[in-house]
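Visitor: Could you take me through this model, giving the general idea of each feature before its particular case?

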Amino acid sequence: MINYGKVIEVYIPLKNNEDVMTNNKIGFKVKVGQEVITIEQEQNEINSKIYKDDTVEITKQVINGKEFIDIECIDGDLNE
């Protein structure tokens, strides 16, 4: 399943007493239609270049019973 949305927040997800400097996770709150979804994953070359107000493509897949979510910045505005 592919959805398109606009990033409304980028953050570093932290668990109790975790040091932000050693954390390798990144989180996004994305508005898809009227819904806001939260995506948290390990930082990589693609998702580390996604910023607030970027338009993104979200791909959800289920492989061997496990859900995978990919997020990628795309050109253009959803309102065009």
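Guide: Let us begin with contacts, where a contact means heavy atoms within 4.5 Å. In this chain, residues 24 or more positions apart account for 40% of the contacts with a separation of 6 or more. The model is predicted, with local features needing pLDDT of at least 70 and side-chain atom pairs counting only at pLDDT 80 or more, while totals for chains, interfaces and linings use all residues. Residues are numbered from 1 along each chain as its sequence is written, and side-chain values use heavy atoms, with hydrogens and water left out.

Visitor: Which secondary-structure pattern does the chain follow along the sequence?

Guide: Strands are DSSP runs of E with at least two residues, and helices are runs of H or I with at least four, numbered from the N terminus. Here the pattern reads β-β-β-β-β, with five strands and zero helices.

Visitor: In what order do the strands lie in the sheet?

Guide: Two strands pair if DSSP finds at least two bridges between them. The five strands form an open sheet in the order β3-β2-β1-β4-β5, with antiparallel pairing. Because β3 (35-42) and β5 (66-73) stand at the edges with a single partner strand each, one side of each is left without a neighbour in the sheet.

Visitor: How many bridges join β1 to β4?

Guide: Five bridges join β1 (residues 2-11) to the antiparallel β4 (residues 55-63), and G5 has V56 as its bridge partner in β4.
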